Amino acid sequence: MARTSLAERPSSLRILGIGFVALMLFFVWLTYAFFNKTFVKTDDVTVLTSNAGQNLPKNADVKLRGMIVGEVKDIEPSASGKGVKITIGMDPKLIDKVPQGVSAQIIPKTLFGEKYIALIAPQQLDGEHLRAGDTIRKADVPIEVESLLNDLYPLLNAVDPAELSYTLTAVSQALDGRGEKLGKTLVQANEYLKQIDPDVPALVDDLVALGKVSDGYAAQMPKIGRLLENTTFTGNTIVAKRTQLAAFFDDATRLSNTLTAFTRDNRESLVGLADKNARILGTASQYASTFPCFLQAMDAVIPRLDSVFRGREVHIDLKTLADQPTGYKPNENATVPSQKVIDSVEQANPKNHQRKTVQATDPNGPAGATKPVSVPVGLGAVCDDLYAYGRGQDPMKGLIYPGPSAQVYKLVGVKSTHNGKFGDDETIFERTTVASLQKAGFFDASLSAVDTPAQRQMLNRIVASQTGVKASKVPDVASLLISPVVRGSEVSVR
């Protein structure tokens, strides 16, 4: 029996068959590996985009300025569940040419063709390039043609094809032969829009402001309507009263003419009156602060005068003292000093509210008893006291007022203290005086030797007007009785 060769044995044939199959599978796998570029080394970069990135096929191209620089290796949902994470393999030889900061766009090659990733370089380059492991977060997805067609489908389905054909035909006929003109029109419109474009933000702001103004007018329309209604009513009233209104205008015209003639004829007198009034008002303005207190003091004095002259009789308590004041001398007539002299005396300043503490006579104490009291120094402080008297208060607290400074008496022409009546300051009258009458319990008495004949006649006329008798029938004692009241002395009524 002939011997069988090793290659023809069944076991050898099985091994060869298995080896052939394995070799075929290896070539198939190798072909697939070459197709998938398994043996090609790449630098992987991640792209984050929306769900539209799921439509990208694996191994899709990645291009920069039309040149392929990589391919898509893997597509998977992002960890946040929003969007897609795409892993692209960049060619290690070309990744240095891709600037850092590129953005990605998913673009179809044709209208319905395969999509690819287009890398868009930034406008300003910083010299850096893309590196393995980087992430491209700026990924824009253009409008999908499928989405556009899906959105247009309901519209196209609702439009009648015949009407659409008629419309398109009419548009075609309207545009036939006018392409050049239409092109020029579009070019001009483009130029206009370029000129208008810089002013669009201002136009938008104006429109927003116009909206706010319109809202304001809309909110005020009820008031505007009422105003127009009232205006109509007023106009109707004027029309109804036009006769009276015309008469009023005629009277006003005559009055205006009269005033014009008066001012024209008396212009010099009016100018002179204004000039004199300016001086009077200037002086009055300087002492205006004393007017209220003077009037309030008069308001407080008048009830006392009415109490004295009640029942057609004068009611006073008269007390004479041993030390009477001396009479006035011929050169001691009361005089009004000039304004300059008055301004030079601090006591006459209405803004001087200074006070001083002196010893005043206590009428309720033993003879010669005194107490300290604060008295005015300047005219402003005198006004303060008069305000207090007008409110029913007593700044002297029941004590007898010792009188103003002797400087005030000297200012109006008094030459001496007249036996202590006007103080005892040796530096003012340059003589030694007796103790003042105030300390002795006397307060501004008035005897016949003190009042001048003119003063006594005036006092007699006052008494005559109150008692109802003739001034010639008033006894001389009347001036003696009422002179202290007129001079400001305190009179007790019983």
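Start by selecting Arg-355, which is partly exposed because its relative accessible area is 31%. Buried means under 20% relative accessible area, exposed over 50% and partly exposed in between, with a 1.4 Å probe and protein chains only. The model is predicted, so local features need pLDDT of at least 70 and side-chain atom pairs count only at pLDDT 80 or more, while totals for chains, interfaces and linings use all residues. Residues are numbered from 1 along each chain as its sequence is written, and side-chain values use heavy atoms, with hydrogens and water left out.

**Salt bridges**

The side chains of Arg-355 and Asp-385 meet in a salt bridge, 3.2 Å from N to O. The term stands for a side-chain nitrogen of Lys or Arg within 4 Å of a carboxyl oxygen of Asp or Glu. This pair links distant parts of the chain, 30 residues apart: Arg-355 is in strand 11 (residues 355-361) and Asp-385 in helix 10 (residues 379-390). Helices (H or I, at least four residues) and strands (E, at least two) are DSSP runs, numbered from the N terminus. Asp-385 counts as buried because its relative accessibility is 10%.

How many salt bridges does a search of the whole structure find? The search finds six.

For another of them, select helix 7 (residues 267-286), where Arg-279 and Asp-275 lie four residues apart, about one turn of the helix. Their side chains meet in a salt bridge of 2.8 Å, N to O. Arg-279 counts as exposed because its relative accessibility is 58%, whereas Asp-275, at a relative accessible area of 40%, is partly exposed.

Next, go to helix 4 (residues 179-196) and select Glu-180 and Lys-184, again four residues apart, about one turn of the helix. The closest N and O atoms of this salt bridge are 3.7 Å apart. Both Glu-180 and Lys-184 are exposed.

Leu-193 counts as exposed because its relative accessibility is 56%. Helix 4 and helix 5 (200-240) are the elements that give two or more residues to the patch.

**The nonpolar cores**

Which residues have the most contacts inside the largest nonpolar core? Select Ile-88, Met-90, Ile-117 and Leu-119, in a core of 21 residues. Strand 1 (43-49), strand 2 (61-64), strand 3 (67-77), strand 4 (84-90), strand 5 (103-108) and strand 6 (115-120) each supply at least two of its residues. Strand 4 gives the largest share, four residues. A nonpolar core is a set of buried Ala, Val, Leu, Ile, Met, Phe, Trp, Tyr and Cys residues joined through side-chain atoms within 4.5 Å.

To finish, select Ile-316, Leu-459, Ala-478 and Ile-482, which are included in a second, separate core of nine residues.
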